[in-house]
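Biologist: I would like to learn how to read a protein model with care, one feature at a time. Could we look at it together?

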Amino acid sequence: MVLSPPPSSTPENTEAPAKQAEAVPGTPQVHRPRRLRRTESLRRMVRETVLTVDDLIYPMFVMEGVGQRQEVPSMPGCFRYSLDMLLDELQVITGLGIGAIALFPLIPDEQKDNAGTESYNPQGLIPQTVRAVKQAFPDLLVITDIALDPYSSMGHDGIVEDGRILNDETVAVLVKQALTHAAAGADMVAPSDMMDGRIGAIRQALDAEGWINVGILAYSAKYASAYYGPFRDALESAPKFGDKKTYQMDPANAAEALKEVDLDIAEGADIVMVKPALAYLDVIRRIKQYTNLPIAAYNVSGEYAMVKAAAAQGWIDEQALVLETLTSIKRAGADVILTYFAKDVARVLGR
Ligand code: PBG
């Protein structure tokens, strides 16, 4: 039967269109999907999902002080930056073509209280950071997180009373936080708290104050997930009692994600988010089929930490695995991906 051997210069992942001398009995004659996988040019031509730097939002941690750059132990390669160091780092990040960041604050214990009052201090860490970043990098899209947990002495996303998380009282604080961030220059606010009705309340308040162009990236289907552990290390924001199951979603539910998305769209969300990403690709897909809004997915801290841990052992090919993972999230239906790998990926993909 077959074939001339490929020229020795042919890379391993390419096969020449060599002629087969005679048919081999019992093999397929017409449909041969492998024809479209033969060379990299062919594979590129028929590739259905292409990940680009434009898809990525880089989450970053900020802290008080000067000259601070503290690596998060459970997130190797991710740091908490003081403002001066953050601005240096943003030079690199914008240079790589990354167009958007999401900011999260490390708040000192003495500034935390049950009502999260520091969350709407106009001179607080996030407003100061946003003002400085927008001044230095006007084109960089700056997204701020709206939730009380980094500011809460209880480590919860809402005000606590007798072990309960108060909904409407919390929403009133979230509104103040969103207005403070808008006034500081945030392009979008991203409520991650999962209180009922917060998107509508924030949209109305932003509009009433004239911030009609400040967008809302809604954490719509945010699950009560074990994948957030390393993030809570980074911000020292773990709950002081209990868990977040009375406000974040049950991982067993997908139809309920559509209900949350419905509400957030009706209340004025510009982009809806699913979080975490990898264990919830089916949810991303269902929402994609359900709405025309852009969909974001958050490739969260635990997903990052697992990859880094396995890579440190030499058990996986980190770069290939990260590209495969993020492409899968996009293939599932995400238009936008928040990922701690943004910088690494931007280096590989180029602009
Ligand atoms: C806070 C918030 C969390 C994350 C983003 N915003 C943690 C939580 O809900 O406990 C998690 C992000 C990550 O794990 O990377 N509301």
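**Reading the model step by step**

Modeller: Of the 351 residues in the protein chain, 50% count as buried, where buried means under 20% relative accessible area, exposed means over 50%, and partly exposed lies in between, with a 1.4 Å probe and protein chains only. This is a predicted model, in which local features need pLDDT of at least 70 and side-chain atom pairs count only at pLDDT 80 or more, while totals for chains, interfaces and linings use all residues. Residues are numbered from 1 along each chain as its sequence is written, and side-chain values use heavy atoms, with hydrogens and water left out.

Biologist: How many helices and strands does the protein chain have?

Modeller: Helices (H or I, at least four residues) and strands (E, at least two) are DSSP runs, numbered from the N terminus. In the protein chain there are eleven helices and twelve strands, and the C-alpha atoms fill a box of roughly 80 × 45 × 40 Å along the principal axes.

Biologist: Among contacts between residues at least 6 apart in sequence, what share joins residues at least 24 apart?

Modeller: Contact means heavy atoms within 4.5 Å. For the protein chain, that share is 73%.

Biologist: Is lysine 134 buried or exposed, and which residues is lysine 134 in contact with, leaving aside neighbours within four places in sequence?

Modeller: Lysine 134, which has its place in helix H3 (residues 125-136), counts as buried because its relative accessibility is 17%. With those neighbours left aside, lysine 134 is in contact with Leu140, Val142, Gly185 and Asp187. A polar contact is a pair of N or O atoms within 3.5 Å; within protein, one must be able to donate a hydrogen and the other to accept it, and residues adjacent in sequence count only if both atoms are side-chain atoms. Here the side chain of lysine 134 reaches the backbone oxygen of proline 138 at 3.0 Å.

Biologist: Where does aspartate 187 lie?

Modeller: Aspartate 187 is in the loop between helix H4 (168-184) and strand E8 (188-191), and it counts as partly exposed because its relative accessibility is 23%. Not counting residues up to four places away in sequence, aspartate 187 touches several residues, including Lys134, Leu140 and Asn213.

Biologist: What is the relative accessibility of glycine 155?

Modeller: Glycine 155 has 1% relative accessibility, so this residue counts as buried. Glycine 155 lies in the loop between strand E5 (141-146) and strand E6 (159-161). Leaving aside its neighbours within four places in sequence, glycine 155 has contacts that include Ser237, Pro239 and Lys244.

Biologist: Which of the 18 residues around the ligand come nearest?

Modeller: A residue is near a molecule or strand if one of its heavy atoms lies within 4 Å of it. Of the 18 residues around the ligand, those that come nearest are Lys222, Arg232, Lys244, Lys275 and Tyr340. A polar side-chain atom of lysine 244 lies 2.7 Å from an oxygen atom of the ligand, and in the side chain of lysine 275 an N or O atom is 3.3 Å from a nitrogen atom of the ligand. For serine 301, an N or O atom of the side chain is 2.7 Å from an oxygen atom of the ligand. Accessible areas come from the Shrake-Rupley method with a 1.4 Å probe, and for residues only the protein chains shown count as cover. Taken alone, the ligand exposes 400 Å², and the protein buries 100% of that.
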